[in-house]
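Visitor: Could you walk me through this one? I'd like to look at the model together and ask a few things as we go.

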Amino acid sequence: MDSAKTTADMRLVGGHACLDFVNTVDARRERWGPDLLQTYADLVVWAGRVDLIEADEGRGLLAKASARPALAVAALKRAKTLREALYAALHAEAAGVIVPDDALQTIRDAVAQAMPKRSLSNVGDRLAWQWTERSNLNTISWRVAFGAAEFMVARHDRRSVRECTGPNCGWLFIDTSRGGRRRWCSDESCGTHTRVRRFRAKVDAARSAIRRN
Ligand SMILES: [Zn+2]
């Protein structure tokens, strides 16, 4: 759980853009939400923070979104559909179960749309993938989908995705710590909340023990 309520100040603790993307829902356990992707601009801000788009691309997308609001609404809706499918797939990994068919199909479709938007280009002294149609309002979803697919197929080259066990959190993250024993999306938020809860429970138990004696 995170006290921040916008994509401008949410914690980016997933360890990969696709995990930070599914974490744009503030909580997913006892209650769902709030959804931090309220507007297309929220999506642009998020994409900039995780380096999926450059600053000039972000400005271009925002200008286009205000000129074509209906297209922006549709692109945001598509991004959220992808997000929930990615959540289902990544949560399945965390739970050690097979990815549900409907989620897989949504991701597959998004990746199929993203693939032809990449072009092999000279970048400095090497070849690299670059995105075409960079001003298309769906470009963020394409980049997320492609990156997520790469992340998921590399399952055996990395640690497993985990689900934060903090009170009403459910954020997903990948543990990049050396010991590999991270339990919370963020030690400062969910780790502290959990320790405070446990401490209170102990104090309450001690008080009622005293009352009984
Ligand atoms: Zn958490």
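Predicted model: local features only at pLDDT ≥ 70, side-chain atom pairs only at ≥ 80, totals over all residues.

Visitor: How many helices and strands does the chain have?
Guide: Read along the sequence, the pattern is α-α-α-α-α-β-β-α-β-β-α. Counted up, that secondary structure comes to seven helices and four strands.

Visitor: How far does helix 4 reach from its first C-alpha to its last?
Guide: Helix 4 covers residues 69-95, which is 27 residues. At 1.5 Å a residue, 39 Å is expected, and the model comes close to that. The reach is 38 Å.

Visitor: Are helix 4 and helix 5 oblique or perpendicular to each other?
Guide: Helix 4 and helix 5 (residues 101-114) pack at about 125 degrees, with axes 8 Å apart. Roughly perpendicular would need 65 to 115 degrees, and roughly antiparallel over 145. The two helices are therefore oblique.

Visitor: Which residues in helix 5 meet helix 4?
Guide: From helix 4, the partners are Thr81, Leu82, Ala85, Leu86, Ala88 and Ala89. Of these, Leu82, Ala85, Leu86 and Ala89 are among the buried residues of helix 4. On the helix 5 side, the residues are Ala103, Leu104, Thr106, Ile107 and Ala110.

Visitor: How many charged residues has the contact of helix 4 with helix 5, by class?
Guide: The contact has nine nonpolar and two polar residues. As for charged residues, there are none: the count is no charged residues.

Terms used: Residues numbered from 1 in each chain as written. Expected span 1.5 Å × (residues − 1). Buried ≥ 20, exposed ≤ 12 C-beta atoms within 10 Å, placed from the backbone. Axes fitted to C-alpha atoms, helices over the stretch in contact; angles between N-to-C directions. Parallel < 35°, antiparallel > 145°, perpendicular 65-115°, else oblique. Contact = placed C-beta atoms within 7 Å. Nonpolar A, V, L, I, M, F, W, Y, C, P; charged D, E, K, R; others polar.
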